[in-house]
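Here are a few notes to read with the structure open beside you. Take the points one at a time and find each residue as you go.

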Amino acid sequence: MQAERAYRLVEIAEHIGARPDSLRLADPALQILGLASLAQAESAHISFVTDGRHLEAARASRAGVLICTPELAEQLDRACLVVAEPYLAYARLSRLFALELPPTGIDSSARIHPSARIGEGVSIGPNVVIGEATRIGNQCAVGAGTVIGRHCQLGERSRLHANVTLYDHVSLGVDCLVHSGAVIGADGFGFAPSSEGWIKIHQLGGVRIGNQVEIGANSCIDRGALDPTVIEDGVKIDDLVMIAHNVRIGRHSALAGQVGIAGSTEVGANCTLAGNVGLVGHIRLADNVHVTGKSMITSSISEPGSYSAGTPYSETRKWRKNAARFNQLDRLFQRLQKLEKNQ
């Protein structure tokens, strides 16, 4: 990926918080045009290496400079930018080279309610709809085809990609990013059984999203039944995630693809839910809980740590035998209890 401008290596070091003396065998005035992988980098690119498993690829790379740890730099006879955490440095540097679309003003096809308030430096794309009493902060960007309902709020510098839908009474903080196809504020799944069938419980709450939250493509966050669904500051949500009504996600937690969280569940701060994790409703996860992929969590977790559920894969014939044995565990346990009691 090419940048809109070149950066001197010393500028890059400053951007990621590295000292000028962190440059090893490198020209501070070297012009860097982009950030690339070890395999694809050319002489005007910068790349990174995080551990010894990639040393051979690092030696073979044509990158002009590599970001690496002091230990790895000692094993690389080439230009390096030495930092304690190369992956973190790469993350910070990626923003410098990100190609963001420049603001385009307000497209003539946009439909904006007269009572809506639009800040300065806002970009609003074609066929956008913005409802009554909604407020769009300064330097926000709203992509083509996005629909924003009534009484919504976007904090400064927040960006909605194309075809995002915000129902009524949804608020986002500053510096949020919502990817295409996300739906925020749809009705929670609430129905009361009766002799006549299911009676809809109308969802009267909203959705409140904090600052610096990212929401992936085609993810859904339902509105609350009475109180709002809450996503706190710094939360990162991957594609195809389902968050039900009145869920609360704590600060700086991260949810990977296809996570599903049932209603009124609370996830603490700094938690991670790996791909395809499911949480039942009305439970609570403490801060710093980390759940591995495809786990189903059916009760509250009160202690920090890593948790897993489910059975590991194996060759199908063996897996079927083991699955059949699971059904016998209770009977075997009762037999063991009798044997121990008779001893």
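**Notes on a predicted model**

1. Let's start with a residue hidden from the surface. Thr146 has a relative accessibility of 0%, so Thr146 counts as buried. Please keep in mind throughout that this is a predicted model.

2. Where does Thr146 lie? Look in the loop between strand S13 (141–142) and strand S14 (147–148). From there, the side chain of Thr146 reaches the backbone oxygen of Gly143 at 3.2 Å.

3. Now see what surrounds this residue. Setting aside neighbours within four places in sequence, Thr146 is in contact with Asn127, Val128 and Val129, and also with Leu160, His161, Ala162, Asn163 and Val164.

4. Next, the aromatic rings. The structure holds 5 aromatic pairs. One of them joins Tyr7 and Phe97: the ring centres are 5.5 Å apart and the planes stand at 85 degrees, so this pair is edge-to-face.

5. Tyr7 and Phe97 are both buried.

6. Phe189, Phe191 and Trp198 make a nonpolar surface patch of about 440 Å². Is Phe191 buried, partly exposed or exposed? Its relative accessible area is 34%, so Phe191 is partly exposed, since that class runs between 20% and 50%.

7. Finally, a point about backbone angles. Most residues other than glycine have a negative phi. Asn270, which is not a glycine, has a positive phi near 60 degrees. You will find Asn270 in the loop between strand S32 (266–267) and strand S33 (272–273). With 36% relative accessibility, Asn270 counts as partly exposed.

8. What is the phi of Asn288? The value is positive, about 60 degrees, although Asn288 is not a glycine. Asn288 sits in the loop between strand S35 (284–285) and strand S36 (289–291). Its relative accessible area is 35%, so Asn288 is partly exposed.

How values were computed
Residues numbered from 1 in each chain as written. Predicted model: local features only at pLDDT ≥ 70, side-chain atom pairs only at ≥ 80, totals over all residues. Heavy atoms only, no water. Helix = DSSP H or I, 4+ residues; strand = E, 2+ residues; numbered from the N terminus. Buried < 20%, exposed > 50% of the residue type's maximum accessible area, 1.4 Å probe, protein only. Polar contact = N/O pair within 3.5 Å; in protein donor to acceptor, adjacent residues only side chain to side chain. Contact = heavy atoms within 4.5 Å. Patch = residues over 30% accessible without salt bridge, like charges linked within 9 Å, V, L, I, M, F, W, Y side chains within 5 Å. Areas by Shrake-Rupley, 256 points an atom, 1.4 Å probe, with all protein chains shown as cover. Salt bridge = Lys/Arg side-chain N within 4 Å of Asp/Glu carboxyl O. Phe/Tyr/Trp six-rings, centres within 6.5 Å; stacked < 30°, edge-to-face > 60°.
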